[in-house]
Amino acid sequence: MEEFEDSRASKKTKTIYVSTVVSISLVLLMVGLLGLIIVHGRKLSNYVKENIVLNVIINEGTKEVDILQLQKQVEKNNYVKSTQYISKEIAARNLTKDLGEDFIKFLGYNPLLSSIDVYMKADYANNESIEMLSKDLRKNPMINEVRYQKSLVDMINQNIKTISIVILGFGFVLLIIAVGLINNTIRLAIYSQRFLIKSMQLVGATRGFIRKPFINYGILHGFIAGLIAVILLVLTLYFAQQQIPELVILTNYYEFGLVFLGVIGVGILISGLSTYFAVTKYLKLKVYDLYR
């Protein structure tokens, strides 16, 4: 293989290898972007579910110390992720801000009640679990009312399920396309070496001996293409977070690392296997078939 690199065709071969690496890296970039979408999609769905609010309205005249004690009890529930106590004074300030005018001056008193906002864990953010928790809370004499939007919860869960199915289906199709594109790119690269492969075979080289340098180059090209794709993915993430700062809340470097390693692994695996099968094809061909 080293003698071939020093031959007159080495420049052409290097050009082919460079174009192969670039082509593979662009395909892997698409695969990596899909992986990031899937990772972000799962975290985004959890973020949306965990921001569904269950409003626990407290009876008028309940002491604040009792409300805080109730808040601690609610937080111990396995369904609950977090809670937030909102006194009637804070509720009044928030409503005044939303309305743009002081409604207390107009009414002469504060009609709002203290409340506890309950946020569910993502796995329990559904109407069945919320209703079970609501029934338990309503048994407490301090609680006046428990409110949540059933239709909104159903809509969120249904939309998330539909979007997840679409993303997985698209991901499966894209993976098949990626495998096909990388395989065809490598087959074209090996096609230019078909006479070299057959010449080595005719002088007595074993199939394993002939395959080895090609497969090593294939693995190397897959690795380099994977690294290029990872660099492009990092740049994409950086510019995306510059444009949408809210994406920072979805950042998980461990999961991103798995996606990046997956991209490199897919590049090495597909490139190595495609090279193996492409070289094997030309090893099986007769000499006169090489001209077809």
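Predicted model: local features only at pLDDT ≥ 70, side-chain atom pairs only at ≥ 80, totals over all residues.
Student: What is the bridge partner of Asn55 in strand 4?
Tutor: Strand 1 and strand 4 pair in the antiparallel sense over 4 bridges. In strand 4, Asn55 has as its bridge partner Arg147.

Student: Which strand gives the largest share of the lining of the second largest pocket?
Tutor: Among the residues that line this pocket are Asn55, Asn144, Glu145 and Arg147. Strand 1 (53–58), strand 3 (115–120) and strand 4 (143–147) each supply at least two residues of the lining. The largest share, 3 residues, comes from strand 4.

Student: How many residues of the lining of the second largest pocket are charged?
Tutor: The second largest pocket holds about 200 Å³ of space. Its lining includes Asp117, Glu145 and Arg147. Beside 5 nonpolar and 3 polar residues, the number of charged ones is 3.

Student: Which elements give two or more residues to the lining of the largest pocket?
Tutor: The largest pocket has a volume of about 270 Å³. Its lining includes Ile38, Arg42 and Leu44, and also Ile156, Ile160 and Ile163. The elements that give two or more residues are helix 2 (10–49) and helix 7 (150–191).

Student: How many residues in the lining of the largest pocket are nonpolar?
Tutor: Val48, Ile167 and Leu168 are among the lining residues, as are Gly41, Ser45 and Ser164. By class, the lining has 3 polar and 1 charged residues, and the number of nonpolar ones is 8.

Student: Are helix 9 and helix 10 roughly parallel or roughly antiparallel to each other?
Tutor: Helix 9 (residues 207–243) and helix 10 (residues 253–284) pack with their axes 7 Å apart, at an angle of about 150°. Angles over 145 degrees count as roughly antiparallel. Helix 9 and helix 10 are therefore roughly antiparallel.

Student: How many nonpolar residues are in the contact of helix 9 with helix 10?
Tutor: Helix 9 passes helix 10 in a right-handed crossing. Their contact has 8 polar and 3 charged residues, and the count of nonpolar residues is 19.

Student: What is the direction of helix 8 relative to helix 10?
Tutor: Helix 8 (residues 194–202) packs with helix 10 at an angle of about 60°, the axes being 9 Å apart. The crossing of these helices is right-handed. The angle makes helix 8, relative to helix 10, oblique.

Terms used
Residues numbered from 1 in each chain as written. Heavy atoms only, no water. Axes fitted to C-alpha atoms, helices over the stretch in contact; angles between N-to-C directions. Parallel < 35°, antiparallel > 145°, perpendicular 65-115°, else oblique. Left-handed = near helix turned anticlockwise from the far one by under 90°. Nonpolar A, V, L, I, M, F, W, Y, C, P; charged D, E, K, R; others polar. 1 Å grid on protein atoms, 1.4 Å probe; cavity = no way out; pocket = protein on both sides within 12 Å on 5 of 7 lines; lining within 4 Å. Points joined across faces, edges and corners; volume = space filled by probe spheres on them. Pairing = 2+ DSSP bridges.
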